[in-house]
Amino acid sequence: MLSGVLNNCRPNSWTRPVSARSRVAVVSENGRGKTTLLHVLAGVVTPDEGTVRRTGTIGLARQELSARDGETVGSLTAEALGPPLAALAALDAATLALAEGEPAADDRYAAALDAATRLDAWDAGRRVDVALAALGACRDRDRPLSTLSVGQRYRVRLACLLGVRHDVLLLDEPTNHLDADGLDFLTRRLRAHDGGLAVVSHDRALLRDVANRFLDLDPTRDGRPRLYAGGYDAWQAARRRERERWEQDHEEQQAEHRRLQEAASRARDRLSTGWRPDKGTGKHQRQSRAPGVVQALKRQQDALEAHRVDVPEPPPVLRWPDLAVRPGAPQARAHGVAVDGRLPGPVDLTLDGGDRLLVTGPNGAGKSTLLAVLAGALEPTDGHVRAARGARIVLVTQETAEQDPALTAREVYRRHVERLVAGGTVRDADAVPLGTLGLLGSDALRTPVGRMSQGQQRRLDLALALSGRPGLVLLDEPTNHLSSALVEELTGAIRGTSAAVVVATHDRQLLRDLADWPRLDLPGGPGPGARSCTART
């Protein structure tokens with residue numbers, strides 16, 4: 001069990017426990033401390049204030065897994081199987097002691113049997129093997145981790161955590177890098193988990209399936225996190241009601257403040273014309289009214305000073321720019337495209353303004369490869385891609401783009417726009433101002449990229465892609481690392497934009513939301529296995 005009092009993570013804290021059968025989703029916009037909270041609960045990070053109390057075993061799945069020299073798939077699985085194997089060894093030793101009649105052997109044997117039973121240690125190796133296979137992870141124990149992709153390494157680590165029993169699981173974006181089969185296995189395993197669970201995830205389908213409480217770290221009027229009982233829909237409804245009240249109260253306070261400012265300004269104008277009248281007729285009459293005008297100004301100034309604006313401005317929402325793409329305007333053509341060992345073909349695509357295409361398939365089917373080929377970032381082995389004259393094509397990849405970690409988000413964006421202008425991609429006057437997108441708050445804009453969360457960096461990637469008003473937007477797993485609220489906004493935006501949009505995703509909720517789009521199922525995918533598609537709506 002976990003319970004704690006955490007400050008910054010701050011807002012005066014979270015004191016609720018993650019206990020047996022708890023199903024807590026930790027949610028918020030990017031950069032609010034979800035990952036930090038999980039690391040504090042796991043003991044990886046020490047809180048500035050407050051305490052965390054832990055009992056039982058804790059398994060933490062980080063968003064990424066680095067590969068140290070000499071580490072292999074086998075060393076990772078051996079590390080995970082260490083506790084159950086140690087429990088079995090202790091049980092063997094206790095059994096021998098019991099047989100030899102050693103003092104207190106009964107108690108020792110009972111404790112060892114209890115530990116081995118709690119871990120179900122006899123079956124741990126098989127469970128890890130099953131999880132490796134179900135998640136599509138590498139099962140070659142001699143394979144160095146450094147030779148695996150980020151996604152492959154993550155699947156090995158996740159399989160180890162799911163195969164070995166822990167009292168509490170802390171999972172940070174566990175659906176990243178999983179295909180449909182892997183997602184189904186993960187969901188079943190978490191639903192069957194008989195210990196506590198705290199999960200940070202952008203995957204709305206997973207949150208619907210496994211969470212019954214939502215710890216929301218997003219900004220609130222009083223600066224405190226909210227814990228919502230009930231499922232995903234109950235959390236969304238309560239959050240929406242609070243946001244509407246917040247926006248209404250903020251607007252009412254701002255409107256009243258503007259009214260008082262205008263009243264004080266009018267009183268000041270009356271004073272300036274009444275207190276020093278022009279010479280001539282009516283001079284004494286205006287002077288006699290001056291004390292009343294002064295009193296009126298004083299009353300208006302007092303009212304303005306007394307008026308409190310104590311409702312903070314609500315956080316921004318995504319404002320997708322007008323990309324001004326003419327319906328049917330040619331963007332790209334792909335003819336007979338294939339990439340040896342990465343993308344089976346031939347793939348034929350026609351993408352024009354307003355077109356939509358959903359690309360699906362298991363890990364390794366070539367979804368990311370196809371998008372890279374369409375973007376011109378990768379040359380196909382067979383076939384070719386032709387971009388229309390003047391077409392602006394952008395690709396947002398699965399992983400965040402590398403940037404100078406010392407530069408702030410604002411500086412990265414400015415340099416990117418300068419390169420677009422210098423290359424003739426866009427005129428300076430047509431570039432989308434960063435502040436108009438609602439993707440990054442004022443604090444994030446001033447933050448060096450190296451200190452931004454993965455979600456904030458993902459938001460920056462999306463902003464960079466939109467900066468030049470593209471006509472074809474290629475999105476590879478666009479929901480990775482993004483908050484549920486932003487994913488909802490992004491889904492609405494890509495459905496309504498005038499640009500052509502291609503989305504490659506495993507996200508089950510996004511697949512449902514885009515179910516009416518034309519679909520290209522790469523070999524082995526969940527559909528009929530078609531290899532060519534004309535992307536017309």
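A residue counts as buried when its relative accessible area is under 20%, as exposed when it is over 50%, and as partly exposed in between, using a 1.4 Å probe and protein chains only. What you see is a predicted model, in which local features need pLDDT of at least 70 and side-chain atom pairs count only at pLDDT 80 or more, while totals for chains, interfaces and linings use all residues. Residues are numbered from 1 along each chain as its sequence is written, and side-chain values use heavy atoms, with hydrogens and water left out.

Let's begin with the sheet. Helices (H or I, at least four residues) and strands (E, at least two) are DSSP runs, numbered from the N terminus, and two strands pair if DSSP finds at least two bridges between them. Strands of a sheet pair through backbone hydrogen bonds, either parallel or antiparallel. Here, five strands make an open sheet with parallel pairing, in the order E13-E14-E15-E11-E16. Strand E13 (393-396) and strand E16 (519-521) each have a single partner strand, so one side of each has no neighbour in the sheet. From one strand to the next, the twist averages 15°; axes are lines fitted to C-alpha atoms, for helices over the stretch in contact, and angles run from 0 to 180 degrees between N-to-C directions. Four bridges link E13 and E14 in the parallel sense, and Val-396 has Leu-475 in E14 as its bridge partner.

Helix H13 (residues 454-466) lies across E13 and E14, at about 175° to E13. H14 lies across strand E11 (356-360), E14 and strand E15 (500-504), at about 130° to E11.

A hairpin comes next. Strand E9 (residues 330-339) and strand E10 (residues 343-352) run antiparallel and are joined by six bridges, with Ala-332 opposite Leu-351 in E10. Three residues separate E9 and E10, and Gly-341 in the turn has a positive phi of about 75°.

Finally, the loops. Most residues other than glycine have a negative phi. His-481, in the loop between strand E14 (472-476) and helix H14 (484-496), has a positive phi of about 70°. Is His-481 buried or exposed? It counts as buried because its relative accessibility is 6%. Ala-104 sits in the loop between helix H2 (73-99) and helix H3 (105-119), and its phi is positive too, near 60°. Ala-104 counts as exposed because its relative accessibility is 58%.

Terms used
Contact = heavy atoms within 4.5 Å.
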